[in-house]
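Work through the exercises below with the sequence and the 3D view at hand. Try each task before reading its solution.

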Amino acid sequence: MTKPIDFVIYWVDGDDPMHKQKRLYYQSLFKLNDDKNYEQSMGSQRFVQKNELLYCLRSIKQFAPWYRNIFIITDNQIPSFLNSTELHKDKIKIIDHRELFKGNPEYLPTFNSRALTAQLCELEELSDGFIYGNDDFMLSAPVDKSFFFRDGLPVIYADKKVESEILNKTLYYQGIMNAARLVNRDAREFYIQSHGFVAMNKTRLQSLARKFPMEFRNNKIYKFRHESQFLVEALYMHDCINSHQCVLFDSELMVHFSIELCREGPLDKVRFLLDLLEQGKRKMFCLNDYQALLARMPEIEERLNIICGHPLASENKTTP
């Protein structure tokens, strides 16, 4: 694939006093259908940052140096570990929520990644083929463009699940099932995407937004994740699979450090998985609760320094 490819990363510093005050105000007005979904919707850990983004950015530059731009989507913030005057050296651009929603300012403020993804196809600067991710996604070995796109088709890393196998239908799984049922209302089988970077096409995303206008609007109106919403990337994935317009692999090349593993899982297992990453035997990984793992296993910081590559040109000199 010779066309340019951008990365898009969501990031927020939830400890910033202004952001926290704004978020808590809107939380007081927000209602979920089921309180069990609170943590995946409004839990404070969702907005805490412990420099995960630093390792995410380093890993992209180290292992996917062919990218055109890295767009950091954020809410009137710039990461403290980056020098805003030097971002061009790493081809990094900060995109404020106001720029992303310039055609729909009525949906701001938002604290909801599902709203952001529903709006991504409106970002004019974004390449048609792009790679979407969160700040806790990282690469761990060299990848070329064909890891994400082959013959113009997105490469999808996912595993098939039957609904009966999903015993704990969390807000995350509800979002996947809602997406799959937009493609097939009677769906009882679903694909669970790997917790890693996702290849998407802006043109296809625009087409889906036109096909499901009410559902996309519903994703944008909620300030936080809600049970009625769908995962945009899951809709994209199921639509591609249903129309045979993708290259499908399982998630073997991905390591997922889940919330449970980070918080209370055996550290021997964590170290084993880190060894796989350090040896280049897996291509990407997700640290779902880096803060919790850092408290239990301080060595994780040094392991990430080894796995994710060299410091950025735009890093402040005080960056750890």
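This is a predicted model: local features need pLDDT of at least 70, side-chain atom pairs count only at pLDDT 80 or more; totals for chains, interfaces and linings use all residues.

**Exercise 1.** Describe the second largest pocket by its volume, its lining and the classes of its lining residues.

Solution. 
1. The space in the second largest pocket comes to about 210 Å³.
2. Its lining is made up of Lys160, Ala180, Val183, Asn184, Ala187, Glu189, Tyr191, His238, Ile241 and Asn242.
3. Two or more of these residues come from each of α6 (171-183), β8 (189-193) and α9 (232-242).
4. With three residues, α9 gives the largest share of the lining.
5. Sorted by class, the lining holds five nonpolar, three polar and two charged residues.

**Exercise 2.** Classify the aromatic pair of Phe47 and Phe224, and locate both residues in the chain.

Solution. 
1. The structure has 20 aromatic pairs, and Phe47 with Phe224 is one of them.
2. Phe47 belongs to the loop between α2 (38-42) and α3 (52-63), while Phe224 belongs to the loop between α8 (213-221) and α9.
3. The pair thus links distant parts of the chain, 177 residues apart.
4. Both Phe47 and Phe224 are buried.

**Exercise 3.** Which lysines place a charged end over a tyrosine ring?

Solution. 
1. Lys91 has its charged end over the ring of Tyr67, 4.4 Å from the ring centre.
2. Tyr67 also belongs to a cluster linked by ring pairs, whose members include Phe7, Trp66 and Phe137.
3. Lys223 has its charged end over the ring of Tyr26, 5.5 Å from the ring centre.

How values were computed: Residues are numbered from 1 along each chain as its sequence is written. Side-chain values use heavy atoms; hydrogens and water are left out. On a 1 Å grid over the protein atoms alone, a cavity is a set of points where a 1.4 Å probe fits but cannot get out, and a pocket is an open set with protein on both sides within 12 Å along at least five of seven lines; lining residues have an atom within 4 Å of a point. Grid points are joined across faces, edges and corners, and a volume is the space filled by probe spheres set on the points. Helices (H or I, at least four residues) and strands (E, at least two) are DSSP runs, numbered from the N terminus. Ala, Val, Leu, Ile, Met, Phe, Trp, Tyr, Cys and Pro count as nonpolar, Asp, Glu, Lys and Arg as charged, and the others, Gly among them, as polar. Rings of Phe, Tyr and Trp (its six-membered ring) pair if their centres lie within 6.5 Å; planes under 30 degrees apart count as stacked, over 60 as edge-to-face and the rest as tilted. Buried means under 20% relative accessible area, exposed over 50%, partly exposed in between (1.4 Å probe, protein chains only). A charge sits over a ring if NZ of Lys or CZ of Arg is within 6 Å of the ring centre and within 35 degrees of the ring normal.
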